Amino acid sequence: MTVERLQLTLQASSLKNVAGLGKGTSDPFAAVTLLATGPGEQPRVLGKTEVIKNTLSPKWTTSFLFDYEFGKETHINVSVVDEVRKTTDKPMGSAVFEIGDILGSRGSVKAKKLKKGGTLYARLQKAAPRSAGKLALRLRGIKLKNVEGMFKKSDPFFEIRRTHDGPGGGSWTPVYRSKHVKNNLSPKWEPATVDVNALCDGDLGRRLQVAIFDHESNGKHAKMGSFETTVNELVNAVGGRTFTPKKGGKDYGTIAVDECKIMGAERPSGATVQPATTAHVPTATAAAAIMPVPVAPPVQQFGGMSLGGGMPVPMPPPQRPTFVDYVSGNCDLSMCVAIDFTGSNGDPRKPGTLHHFSPHGQMNGYEKAIVGVGNILAKYDTDQQFPVWGFGAKYGGVVRHCFQVGKEKEAHGVAGILEAYKATFKTPLIMSGPTVFTEVISLAAEQAKVRARDNPLSYTILLLLTDGAVTDVEATKRTLASVADAPLSIVIVGIGRADFSAMQFLDDFEKRADMNRDIVQFVEFSAHEHNKTSLTRATLEEIPDQLVQYFFQRGIMPQPVKQMSISNMSHISADEYNEEVDIDLSLDYHDDGEIVLNGDVGTHIDNTYEAGIGELHVMPPPSTNPSASAPVMAAAVAPPAQPFTFQVQVPQGVSPGMQIQVAHPQTGQMLVVPVPQGVAPGGVFSVSA
């Protein structure tokens, strides 16, 4: 299981002013809450940003760190709030984001409209693998140019800004903002402490901008110049070099560095720290505290060149990128689906068979697997067009081991895949056999190679759904070995409760066959039938490593596309406000900085298979005090009005096989139902009555 650390930053534009008549402009901050998505999860407040006074288009500097897992949906609620002194804060709007949606968007930036007006932007980037420490910084202005007017003096403050890699990252984004000093053109600002990872990703030679502003109470701060620098330059400037902020090509004074040192940095394993040359630094304190790490020159600049000695300069091998590096670095994931139509699935007209479509809206195993896995993979597919194939059925008396499912060559979206699947039973097919995977695997590999010729950073995932073991194991092995050089991973999901022991040949097959990479994952659906998160984790856990291994072995690195300024938001399409999900959470802000959820409304995302395709729904939180006596009363979760199919959440202390009593949400009739195998306390299963 690949887990990566991500960093979230936020900004908003054109928020509605909720300060009230005659009370100026709102002072917004944002609070971030990690929502409960799977069984047994609880919502958790991650924290809040700083307050920015008198603005309706804030760019917050506070960032949030959390873990990302490809096979698990992770939802966050961002609540924008107007801080009101001496009374209750006022909500300005909320939005729910899914982490995969953000990563799969251009530039890893996602926008969402707020109910009361304005747009909220969420940006993700990979957090540094180790702590680069904190930068302790103290700056001083010297004879700054007054921009306040003839009879007043400016109130200067400064921002430290950075750029982000990838599209949408070309503009300067604030990471730290100081307090302003009133009526002073030679201000001594308070000491600043800035996370080095957030500032420059631990790269002490990365270009930064220090911008000076004259603070205005209406939020329209006047520029007093800016200059570019690096952490290394700031560290080495203590007591010596000064910087000149410029505006329109003119000097606007001088900035001196009174203190700058890095504290608490973790050293890379096996690394030694080499002090920078600090001969011009007069104080022993500054020289001892500064230890900038030299940045190696780029490989393409010096690698293989002779520098006068006749010997090429040896360069270290490139660092292995991660999955997040690729998906945010112009890698295009594509999905194709293959469905088993062999006769062993049973007569689809009969309830209980694997291809039967319930008139009450309950999904069969094939539908659940398509929705569960497809909803995650679709987030990273740019065109939302998915080839869907079938195998194991007769057309015109001939068994077809690879045929088009649906009227179109490709289905649009996950909903289109389901429509194509259902429409197949309206065609003159005869469910037959045997079970043969080779043709759909070969076609998936061929199409993956074609895509890679157009875009070397293209990668395909074949979702293959079957009700039984493959008929010809040796032919399947040969086919798998022949496609191992394709940018392809294969996820095989066994539907139903057949004996899949014959499929165990897939375990470690690549190693035994001397293949250079692992491309196959087999999962039995019955083990995850009542838990979508469990299914997606099991099916997709190996994809990140398989993708990275394929590209890295071939020297294909993530390629950032042309940068665009995020300050121009017109290129980012904002999702509409979702009344059901984008709820203003009830939060209590304590004086000690702790934030506590005041109630559970809107904090639990319905992550059942039937919750919807590409849509979000909230559900009531699980009961925290179930009755200890049997049968146990279970709460019905978000039942649809029609027909009589609803969801039941298993109370704590109840095991699979036990009977629980539940009230029918429409008739009120008490029903006694058994808890299916594989559904743990907090899990959800369907009941039709």
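**Reading what is covered**

Modeller: Gladly! Keep in mind that this is a predicted model. In helix H12, the buried residues are Lys532, Thr533, Leu535, Thr536, Ala538, Thr539 and Leu540.

Colleague: How many of the nine residues of H12 is that?

Modeller: Seven of the nine, so the helix, which spans residues 532–540, is mostly covered; a residue is called buried when its relative accessible area is under 20%.

Colleague: And what covers the buried residues of H12?

Modeller: Look at the elements in contact with them. The cover includes two helices, H7 (365–377) and H13 (543–553), along with strands E27 (488–494) and E28 (520–524).

Colleague: Which atoms come together at the start of H12?

Modeller: There, Asn531 places a side-chain oxygen within 3.2 Å of the backbone nitrogen of Thr533.

Colleague: Now the loop. Where does Leu506 lie?

Modeller: Leu506 sits in the loop that links E27 to helix H11 (509–512).

Colleague: Is Leu506 buried or exposed?

Modeller: Compare its area with the cut-off: Leu506 has a relative accessible area of 6%, so it counts as buried.

Colleague: Which residues does Leu506 touch, leaving out those up to four places away in sequence?

Modeller: Its partners are Leu480, Ile492, Val520 and Phe522. Between Leu506 and Leu480, 26 residues apart along the chain, the C-alpha atoms are separated by 9.8 Å.

Colleague: What about the protein as a whole? What share of its 689 residues is buried?

Modeller: The buried share is 49%. For contacts between residues at least 6 apart in sequence, 69% join residues at least 24 apart. The protein has 13 helices and 37 strands.

Conventions. Residues are numbered from 1 along each chain as its sequence is written. This is a predicted model: local features need pLDDT of at least 70, side-chain atom pairs count only at pLDDT 80 or more; totals for chains, interfaces and linings use all residues. Side-chain values use heavy atoms; hydrogens and water are left out. Buried means under 20% relative accessible area, exposed over 50%, partly exposed in between (1.4 Å probe, protein chains only). Helices (H or I, at least four residues) and strands (E, at least two) are DSSP runs, numbered from the N terminus. Contact means heavy atoms within 4.5 Å. A polar contact is a pair of N or O atoms within 3.5 Å; within protein, one must be able to donate a hydrogen and the other to accept it, and residues adjacent in sequence count only if both atoms are side-chain atoms.
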